[in-house]
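Subject: Structure handover

Hello,

Here is the structure we talked about. Please open it first, then read my notes below.

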Amino acid sequence: MENNISDNKPCTYILRCRDGSLYTGWTNDMETRLAAHNAGRGGKYTRGRTPVSLVHLEYFDTKEEAMSREYAIKQLSRTEKDALISSFQSCQHEQDKLFEANNFINIDDILSEIIEEARAICIPVPHHINPQVKVNSRPKRRFGCCHKEGCSFVIEISKFMLDAAYAAADCDTRNAAISRIRNTLAHEVLHTCRECFDHGPLWKTYAGMMNKAYGYSIIRTSKRSDADSCNTSDEPGDPDYHYMIRCTSCGKEYPRQKFTCVMKKINAYRCNCGGRLEWYKL
């Protein structure tokens, strides 16, 4: 059974008439049938009670199922029918809100808002940040990252985070997913501040300021665990990395599971771009 509106599919419906009474029927074309009712051609009962409004709708695979459901609804009391209508309308309202919200999530606007918020509380966010967020489909665990391209910082977010928001089954779940997106973007924006490319004391200070001022939950963690609630993939997770090597020039990251000889002699190595490397523990 489906409740979403569809064309040319068997369905059972309930109409509320002008006098407040209810009419139950079935049809293969709800839009045409509703127009016929309001034109006085839909049925003898509704002919003198127009206009009518559609208050409940259920779709089925066969007309036999729709006819059977019509009979079952007609056996219900008025109180039971009202409860059915109330449940349907509540569900439709939730779906409408989800459609409007999910139709477009402007992560570029979210990034702009975060930058303005940070500057409003005197966090020295630089002006050379690319206003367009880059969506990366490759990471399966990392939420996002920040790196330099030329003279500008580029903020990335992992596609699975957007997927979690679009796949949300209700508004609460979707809002939680968007909150994770905002926290991630704010996390990466703070990395653009001077002396904040790692998660050092200054970065932690700025994170605390954002958390206190705007209710963010910016933390040092930059990847999800296998049990993270926004996990939408059935693929096995990435290895459990404990260290990150990062280029101080281009921002490229090299995750490592264990402490390596490169990290022991980090100053002897350079990134492919020629930049100096540093490492930190996740």
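Start with glutamate 156, which counts as buried because its relative accessibility is 6%, under the 20% cut-off. Please keep in mind that this is a predicted model.

Glutamate 156 has a charged partner. Its side chain meets that of arginine 142 in a salt bridge, at 3.6 Å from N to O. Glutamate 156 sits in strand E6 (residues 152-158), while arginine 142 lies in the loop between strand E4 (134-136) and strand E5 (144-149), so the pair ties together parts that are 14 residues apart in sequence. Arginine 142 is partly exposed, at 24% relative accessibility.

Now the overall picture. The protein chain has nine helices and nine strands. It has 282 residues, and 43% of them count as buried. Take the contacts in the chain with a separation of 6 or more: 59% of them are between residues 24 or more positions apart.

**Salt bridges**

How many salt bridges does the structure hold? There are nine. Besides the pair above, I noted these.

- Glutamate 58 and arginine 69: their side chains meet at 2.9 Å, N to O. The pair links distant parts of the chain, with glutamate 58 in strand E3 (residues 53-59) and arginine 69 in helix H3 (residues 63-74), eleven residues apart. Glutamate 58 is buried, at 2% relative accessible area. Arginine 69 is partly exposed, at 25%.
- Aspartate 82 and arginine 78: their side chains meet at 3.0 Å, N to O. Both residues belong to helix H4 (residues 78-102), four residues apart, or about one turn of the helix. Aspartate 82 is partly exposed, at 31% relative accessibility. Arginine 78 is partly exposed too, with a relative accessible area of 40%.
- Glu113, Glu117 and Arg182: salt bridges link these residues in a network.

**Helix packing around H7**

Two helix pairs are worth a look. Take H6 and H7. The axes of helix H6 (residues 159-166) and H7 come within 8 Å and cross at roughly 155 degrees. H6 is therefore roughly antiparallel to H7, as the angle is over 145 degrees. Their crossing is left-handed. On the H6 side, the residues in contact are Met161, Leu162, Ala164 and Ala165; in H7 they meet Arg174, Ala177, Ile178, Arg180, Ile181 and Thr184.

Then H7 and H8. Their axes come within 10 Å, and the crossing angle is roughly 140 degrees. H7 and H8 are therefore oblique to each other. This crossing is right-handed. Ala186, His187 and Leu190 in H7 meet Trp203, Tyr206, Ala207 and Met210 in H8.

**The loop between H7 and H8**

Histidine 191 lies in the loop between helix H7 (171-190) and helix H8 (201-214). Is histidine 191 buried or exposed? It counts as buried, because its relative accessibility is 1%. A polar atom of the histidine 191 side chain lies 2.8 Å from the backbone oxygen of cysteine 196. Leaving out residues up to four places away in sequence, histidine 191 touches Cys146, Cys196, Phe197, Asp198, His199, Trp203 and Arg246.

Glutamate 195 counts as exposed, at 65% relative accessibility. Its phi is near 65 degrees, a positive value in a residue other than glycine.

**Other backbone features**

Cysteine 122 also has a positive phi, near 65 degrees, and is not a glycine. Where does cysteine 122 lie? In the loop between helix H5 (107-120) and E4. Cysteine 122 is exposed, with a relative accessible area of 68%.

The peptide bond from threonine 50 to proline 51 is cis, with omega near 0 degrees. Proline 51 is placed in the loop between helix H2 (44-47) and E3.

Best wishes

Definitions and conventions
Residues are numbered from 1 along each chain as its sequence is written. This is a predicted model: local features need pLDDT of at least 70, side-chain atom pairs count only at pLDDT 80 or more; totals for chains, interfaces and linings use all residues. Side-chain values use heavy atoms; hydrogens and water are left out. Buried means under 20% relative accessible area, exposed over 50%, partly exposed in between (1.4 Å probe, protein chains only). A polar contact is a pair of N or O atoms within 3.5 Å; within protein, one must be able to donate a hydrogen and the other to accept it, and residues adjacent in sequence count only if both atoms are side-chain atoms. Contact means heavy atoms within 4.5 Å. A salt bridge is a side-chain nitrogen of Lys or Arg within 4 Å of a carboxyl oxygen of Asp or Glu. Axes are lines fitted to C-alpha atoms, for helices over the stretch in contact, and angles run from 0 to 180 degrees between N-to-C directions. Angles under 35 degrees count as roughly parallel, over 145 as roughly antiparallel, 65 to 115 as roughly perpendicular and the rest as oblique. A crossing is left-handed if the near helix is turned anticlockwise from the far one by less than a right angle, and right-handed if clockwise.
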